[in-house]
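The exercises below ask you to read a protein model step by step. Try each task before you read its solution.

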Amino acid sequence: MVKGKVIEGIPASPGIAIGVALKYEKLKPKILKKELKEEEVSGEIEKFLMAIERSKSELRKILTLAVEKLGSKGAEIFEAQILMLDDKTIIDKIIERIKGEKLNAEFIIQDEIEKYIKFMQSSGDDYLKERAHDLEDLKNRVIRNIQQQKWLSRFDTSRIVVAENLTPADTILFSRNQVLGYATDLGGMTSHTAILARALKIPAVVGLKEATKSIKTGDLVILDGYKGILIINPEQDVVEEYQNKIKRIAEFERKLEDFKFVPAVTIDGRKVTILANIEFPEEVNEALESGAEGVGLFRTEYIISNGTIPEEDEQFEEYFKVAEKVYPYKVVIRTFDVGGDKIFRDYHREDNPFLGWRGIRIGLDKPEILLSQLRAILRASVKKNVWVMFPMVSSIDEVREVKKYIDLAKTQLKEKNIPFDENIKVGVMIETPSSALMAKEIAREVDFFSIGTNDLIQYTLAVDRGNETVAKIFQEFHPAVLRLIQFVVESAQRAKIPVSICGEMAADPYATVLLVGFGLDELSVTPKMIPEIKRIIKTIKFKDAKRISKRALVFKTQDEVKNFLMKELKGIIPEIEI
Amino acid sequence: MIKKEVEIKNRTGLHTRPAAMLVKLASKFKSDFFIEKNGVEINGKSIIGVMSLAAEQGSRLILRFEGEDEEEAAEAIVALFESGFGELEGLKNEENKNGQGQSY
């Protein structure tokens with residue numbers, strides 16, 4: 001056996017786990033055809049009905065856990081399964097067949113449900129094909145309950161779960177145990193396992209391809225959720241190295257605890273507001289617990305599910321939930337930023353989606369979508385802590401047009417006597433070079449700016465950072481980017497409107513000093529970075545930050561900028577390599 | 001017996017929510033209700049059946065009603081199809097494949 005074999009996957013949830021592997025293989029129930037004696041028939045039907053009830057109660061438990069951990073949207077799949085268990089037509093048909101054919105329930109269920117699974121699989125629609133998996137899962141659950149085996153979902157000691165793939169139900173159930181980590185052959189960043197592992201703060205690596213082939217139950221495994229690797233049966237020195245790393249990280253995190261709930265004020269008294277970027281309402285708690293003073297970016301795309309945009313009422317409930325939780329802090333709600341590489345693939349194709357129909361362009365072309373979202377956002381603003389923001393603005397015309405729709409949405413609500421915040425703050429994302437260069441003019445039309453650095457960099461440098469071939473030249477510290485940011489901040493300051501930044505750059509410790517120095521009022525970052533960002537701000541002087549950022553603007557290349565920052569910030573930014 | 005032909009108007013087809021709405025409505029009537037698509041007929045009061053039809057937008061279905069309240073049933077159910085199951089003009093969602101699909 002090769003000691004310390006390393007396999008690479010996708011880092012799905014950060015953290016490091018060292019532990020014994022538990023290989024989880026899904027039991028496929030064995031189904032034999034068995035003839036029944038006349039007197040066995042009623043007992044068999046009884047068994048079948050009890051299995052349905054037991055399956056329902058299992059799924060209700062899973063549903064509760066899932067709602068708790070994923071929110072009602074993420075739990076939808078279990079609701080659908082429960083609904084299917086209520087299918088009286090099929091239940092009656094199965095009972096009738098058990099009676100008529102005098103065969104065991106498992107066999108009849110398998111035979112009857114398989115037909116439907118086949119129909120579904122033959123669909124051209126991916127969504128419906130996926131539902132075939134749900135039905136298959138459900139069928140196996142009922143059969144297992146007839147055979148009265150228990151699926152393995154509890155185990156005694158701490159384990160790293162290794163599986164080909166985990167269904168949402170598996171992941172939810174496992175999470176009740178002492179799971180140290182998840183490692184799966186399949187899946188990506190947005191797979192159920194990945195999303196759930198992050199929510200549960202359990203390290204996970206997915207997309208490992210050959211994890212189940214290379215690992216046996218009982219193997220010692222190191223799972224590195226930062227790098228996205230697994231080390232199988234590592235040498236002792238590697239184990240020790242990782243144990244030290246775990247200690248260092250824990251120590252660092254303990255230190256950061258002290259910075260969570262203190263305001264981010266520089267030594268010389270400049271206050272910067274630290275906000276959180278969130279994607280789901282469920283993340284609000286984590287954000288507040290990490291010390292966020294509000295939500296600087298609430299993405300709303302998550303709400304578009306299975307091809308449908310929910311009605312205004314449902315949207316309102318989602319947005320209001322967040323607004324209420326964040327209160328008295330504010331939440332900046334961004335309208336749908338769909339398009340590009342994200343959505344519409346099925347029927348809307350573009351050669352160049354990032355330069356295509358996305359963000360506010362879609363909203364303006366489909367006013368019914370925009371208006372219902374605006375009404376929902378307005379309704380959620382009754383406590384006066386909601387701001388609304390538009391993505392992908394590239395000209396002042398769009399800003400003006402969008403404002404007309406806000407007025408229209410307000411009028412529509414007034415006609416129905418529905419309350420909202422009449423003075424809701426309206427802002428735009430500055431994420432295209434054109435909007436950055438027109439920042440002075442746009443600033444006069446809106447109440448605030450939020451700089452989206454990811455897209456701003458991508459569009460300014462003409463680099464798709466998802467494209468490995470060119471990802472290297474995606475440079476956060478490119479002088480052109482820094483100059484644009486500086487110009488946007490200055491324009492906002494002249495117009496006396498607040499300006500924040502909500503791209504990943506805001507969470508880069510080196511960039512923090514630079515951004516504070518430029519004069520940004522707010523930084524909006526992923527929740528887990530909040531204590532670290534606060535710590536840095538509390539360590540510096542605004543005076544120095546201003547000097548550093550001014551100086552940084554004179555360099556001609558990213559390397560020059562970086563070298564300069566590294567020298568200046570030595571001792572302020574800890575050398576922690578994770 | 002009444003036969004009606006309908007077309008699926010809502011973009012997402014007969015997925016979970018519309019299927020549940022349809023079955024719930026159909027179950028209120030005493031009449032039998034069947035749906036046929038491409039020569040396959042299923043019981044319209046069965047959610048598994050309805051979902052397995054995998055009826056996408058634009059699919060044409062033949063609805064068959066039989067029983068004492070078949071007229072009312074046909075009227076109500078055809079109206080539900082006509083309304084596109086109350087769905088807003090939806091957008092087709094696809095999980096982002098490269099994972100890092102958030103934009104700022």
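## Exercise 1: A residue in a helix of chain A

Ile548(A) has a relative accessible area of 4% and is buried. The model is a predicted one.

Task: State where Ile548(A) lies and which residues are in contact with it, leaving aside neighbours within four places in sequence.

Solution. 
- Step 1. Locate the residue: Ile548(A) belongs to helix 21 of chain A, residues 542–552.
- Step 2. Apply the cut-off: buried means under 20% relative accessible area, so a residue at 4%, such as Ile548(A), is buried.
- Step 3. List the contacts. With neighbours within four places in sequence left aside, Ile548(A) is in contact with Val513(A), Leu514(A), Phe564(A), Leu565(A), Glu568(A) and Leu569(A).
- Step 4. Take one of these residues and compare sequence with space. Leu569(A) is 21 residues from Ile548(A) in sequence, and the C-alpha atoms of the two are 9.3 Å apart.

## Exercise 2: Helix 19 of chain A

Task: Find how many residues of helix 19 of chain A are buried, then describe what is found at its start and just after it.

Solution. 
- Step 1. Helix 19 of chain A spans residues 509–518, and nine of its 10 residues are buried, so the helix is mostly covered.
- Step 2. The buried residues are Pro509(A), Ala511(A), Thr512(A), Val513(A), Leu514(A), Leu515(A), Val516(A), Gly517(A) and Phe518(A).
- Step 3. At the start of the helix, a side-chain oxygen of Asp508(A) comes to within 2.8 Å of the backbone nitrogen of Tyr510(A).
- Step 4. Just after the helix, Gly519(A) has a positive phi of about 105°.

## Exercise 3: The nonpolar cores

Task: Which residues touch the most other members of the largest nonpolar core?

Solution. 
- Step 1. The largest nonpolar core has 101 residues, and those touching the most other members are Phe390(A), Phe449(A), Ile451(A), Ile485(A) and Leu523(A).
- Step 2. Apart from this core lies another, of 69 residues, including Ile77(A), Ile94(A), Ile109(A) and Leu135(A).
- Step 3. Look at one member of the largest core. Leaving aside neighbours within four places in sequence, Ile485(A) is in contact with Ile451(A), Thr453(A), Leu456(A), Ile501(A), Met505(A), Leu515(A) and Phe518(A).

## Exercise 4: The eight-stranded sheet of chain A

Task: Give the strand order of the open sheet of eight strands in chain A, and say which strands stand at its edges.

Solution. 
- Step 1. The order is 1-8-7-3-4-5-6-2, with mixed pairing.
- Step 2. Strand 1 (5–8) and strand 2 (10–13) of chain A are the edge strands; each has a single partner strand, so one side of each has no neighbour in the sheet.
- Step 3. From one strand to the next, the twist averages 30°.
- Step 4. Check one pair. Strand 4 (residues 159–163) and strand 5 (residues 179–184) of chain A run parallel and are joined by five bridges; Arg159(A) stands opposite Val179(A).
- Step 5. Helix 9 (residues 236–257) of chain A lies across strand 3 (16–24), strand 7 (220–224) and strand 8 (229–232) of chain A, and it runs at about 120° to strand 3.

## Exercise 5: Chain B

Solution. 
- Step 1. Chain B has three helices and four strands, in the pattern β-α-β-β-α-β-α along the sequence.
- Step 2. Count the bridges to strand 4 of chain B: six from strand 1 (residues 2–7) of chain B, and five from strand 2 (residues 32–37) of chain B.
- Step 3. Name partners in strand 4 of chain B. Lys4(B) is bridged to Leu63(B), and Phe33(B) to Phe65(B).
- Step 4. Not counting residues up to four places away in sequence, Ser59(B) touches Val6(B), Glu7(B), Ile8(B) and Lys37(B).

How values were computed
Residues numbered from 1 in each chain as written. Chains lettered and ligands numbered in written order. Predicted model: local features only at pLDDT ≥ 70, side-chain atom pairs only at ≥ 80, totals over all residues. Heavy atoms only, no water. Core = buried A, V, L, I, M, F, W, Y, C linked by side-chain atoms within 4.5 Å. Buried < 20%, exposed > 50% of the residue type's maximum accessible area, 1.4 Å probe, protein only. Contact = heavy atoms within 4.5 Å. Pairing = 2+ DSSP bridges. Helix = DSSP H or I, 4+ residues; strand = E, 2+ residues; numbered from the N terminus. Axes fitted to C-alpha atoms, helices over the stretch in contact; angles between N-to-C directions. Polar contact = N/O pair within 3.5 Å; in protein donor to acceptor, adjacent residues only side chain to side chain.
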